[in-house]
Amino acid sequence: MSSAPPAPPLGLILAGGLARRMGGGDKPLRLLAGRPVLDHVVERLRGQCDGLLLNANGDPARFAAHGLPVVADSVPDFAGPLAGILAGLDWLVAHRPNDGWLVSVAADTPFIPADLVARLHAARAAAGTPLACAASAGRQHHAIGLWPVGLREDLRAALAGGERRLGHWTAKHGVAVAEWVAEPVDPFFNINTPNDLAEAKDILRRLG
């Protein structure tokens, strides 16, 4: 007898970086086909999740038009995606104490696949690991993953001890990898530079 599929997780969109290669500012608010990049991410993730949360530092009012709860890192000095994931897990425990899962994506990945959550859960269940992350073109995308609330305090302790390497921390606990094909479009294409933004516009045109 098969078990029921897990309830949809809370979706966490990670936007806490400094965007140095984009010249600073908020990458998710740059326009892609006349809409903020963040709109494209929200559109693709919303149907897979039971609500969305945005991790961003600084004044949250700049994201007010999107109507998402905004949570800042609790770890100082822009500690990277691990700090954002901890912030998301803390928010989940505070506001939805009966929920057990968080799925994270980067705020600069506008082509997130529609089967992201389902395939991450399937990979985790098949491997018997507590964590799962996405991969494409032979490369793991550690920030695009599935996170159980049960590892929250371990993550907090790791960050307090100076851990900043996401892949290093996940490897300690066991992480399954769900692989997507990268043709005709890599679903985890991310926008780091102005050239990447121009390429994303070309991809959207090709996709119609």
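**View A. Asp90 in helix H2 of the predicted model.** Asp90 sits in helix H2, which spans residues 81-95. Its relative accessibility is 19%, so Asp90 counts as buried; the cut-off for that label is under 20%. Leaving aside residues up to four places away in sequence, Asp90 touches Ser74, Arg152 and Arg156.

**View B. Thr109 in the loop between E6 and H3.** A polar atom of the Thr109 side chain lies 2.6 Å from the backbone oxygen of Ala106. Beyond residues up to four places away in sequence, Thr109 touches Val41, Ile144, Phe188, Phe189 and Asn190.

**View C. An open sheet of seven strands.** The strand order is E5-E4-E1-E6-E8-E7-E9, and the pairing is mixed. Strand E5 (70-71) and strand E9 (175-180) form the edges, each pairing on one side only. Strand E1 (residues 10-14) pairs with E6 in the parallel sense, over five bridges. In this pairing, Leu14 stands opposite Ala106 of E6. The backbone oxygen of that alanine, Ala106, is the one that lies 2.6 Å from a polar side-chain atom of Thr109.

**View D. Helices H3 and H5 against the strands.** H3 packs on the sheet. It touches E6, strand E7 (131-136), strand E8 (139-148) and E9. The direction of H3 makes about 135 degrees with that of E9. Helix H5 (residues 166-173) lies across E7, E8 and E9. H5 runs at about 55 degrees to E8.

**View E. The largest nonpolar core and Val105.** This core has 28 residues. Ile13, Leu54, Val105 and Leu116 have the most contacts inside it. Helix H1 (37-46), strand E4 (52-55), E6, H3, E7, E8 and E9 each supply at least two of its residues. Val105 touches Leu12, Ile13, Leu14, Val41, Leu45, Ile112, Leu116, Ala143 and Ile144, not counting residues up to four places away in sequence. Val41 and Ile144 are also among the residues that Thr109 touches. In soluble globular proteins, nonpolar side chains tend to be buried together.

**View F. Another nonpolar core.** A core of 25 residues lies apart from the largest one. Its members include Leu12, Leu53, Ala79 and Trp169.

How values were computed. Residues are numbered from 1 along each chain as its sequence is written. This is a predicted model: local features need pLDDT of at least 70, side-chain atom pairs count only at pLDDT 80 or more; totals for chains, interfaces and linings use all residues. Side-chain values use heavy atoms; hydrogens and water are left out. Helices (H or I, at least four residues) and strands (E, at least two) are DSSP runs, numbered from the N terminus. Buried means under 20% relative accessible area, exposed over 50%, partly exposed in between (1.4 Å probe, protein chains only). Contact means heavy atoms within 4.5 Å. A polar contact is a pair of N or O atoms within 3.5 Å; within protein, one must be able to donate a hydrogen and the other to accept it, and residues adjacent in sequence count only if both atoms are side-chain atoms. Two strands pair if DSSP finds at least two bridges between them. Axes are lines fitted to C-alpha atoms, for helices over the stretch in contact, and angles run from 0 to 180 degrees between N-to-C directions. A nonpolar core is a set of buried Ala, Val, Leu, Ile, Met, Phe, Trp, Tyr and Cys residues joined through side-chain atoms within 4.5 Å.
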